[in-house]
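Hi,

Here is the structure I said I would pass on.

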Protein chains: 2
Amino acid sequence: MIVEHAELTVEAGREEAFEEAYGKGRLVLAEADGFRWTELLRCEERPDTYLLLVGWDTLAHHTVGFRESERFARWRALVGPFFTAPPVVEHYGERTARFTG
Amino acid sequence: MIVEHAELTVEAGREEAFEEAYGKGRLVLAEADGFRWTELLRCEERPDTYLLLVGWDTLAHHTVGFRESERFARWRALVGPFFTAPPVVEHYGERTARFTG
């Protein structure tokens, strides 16, 4: 599995509306081939910054399958209007399963 | 819950030894008050960069309870020798539970 790691900078004062848009957008993500899960977090030190995580079966499921599909346009139409900077996207491979002690 | 998000830059060629050290270090993390879980990921675009995530009950469980404890010294003694730069640490609050569609 590959984790998409996207830093999203959201316009001040529109956080609630952005989170609502994400709530709709994740339904679009969930339709995509290779989608496993998504979650949204908000930075404590930089409150205008959100972290979007999406688990994909493989890197290409995100970078090719999803990004070149019409689903990507629908997703961006929902969440893109809240961004004040281009998203910063990287990918991570899991080295260990979640460990709870 | 608060997620500690730490970017770790690891010396080239020592990744395997670092991952072994993390396997021991997470046992130290797991002893700490407020610890919930940890996982380790490796960046696809920057292979010298790992992402350490740790779930804590509250921010202070990490920044005060853990960092000011002798456990922190034990943790850093295990993993610190592999770092080629100071870790970049931020914290994120979960805005949504993991969504699987």
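In chain A, the buried residues of H1 pack against strand E2 (35–43), strand E3 (49–56) and helix H3 (70–79). Helices (H or I, at least four residues) and strands (E, at least two) are DSSP runs, numbered from the N terminus.

Before the rest, some housekeeping: this is a predicted model, with local features needing pLDDT of at least 70 and side-chain atom pairs counting only at pLDDT 80 or more, while totals for chains, interfaces and linings use all residues. Residues are numbered from 1 along each chain as its sequence is written, and chains are lettered from A and ligands numbered from 1 in the order in which they are written.

Back to H1(A). Its buried residues are A:Phe18, A:Tyr22, A:Gly25, A:Arg26, A:Val28 and A:Leu29 (buried means 20 or more other C-beta atoms within 10 Å of a residue's own, exposed 12 or fewer, partly exposed in between, with C-beta atoms placed from the backbone). The helix covers residues 15–29, and its 15 residues reach 20 Å from first C-alpha to last, close to the 21 Å expected at 1.5 Å a residue (the expected span being 1.5 Å times one less than the number of residues). H1(A) also has a kink of about 25°, centred on A:Gly23; the bend at a residue is the angle between axes fitted to the seven residues ending there and the seven starting there.

A:Leu40 sits in strand E2 of chain A. What makes A:Leu40 count as buried? It has 25 other C-beta atoms within 10 Å.

On to the two chains together: 28 residues of chain B are in contact with 28 residues of chain A. On the chain B side, H1, strand E2 (35–43) and strand E4 (88–94) are the elements giving two or more residues, and E2(B) gives the most, with nine.

Last, the helix pair in chain B. H1 (residues 15–29) and H3 (residues 70–79) of chain B pack at about 170°, with axes 8 Å apart. Axes here are lines fitted to C-alpha atoms, for helices over the stretch in contact, and angles run from 0 to 180 degrees between N-to-C directions. H1(B) and H3(B) are therefore roughly antiparallel (over 145 degrees; under 35 is roughly parallel, 65 to 115 roughly perpendicular, the rest oblique).

Cheers

Note on methods: Contact = placed C-beta atoms within 7 Å.
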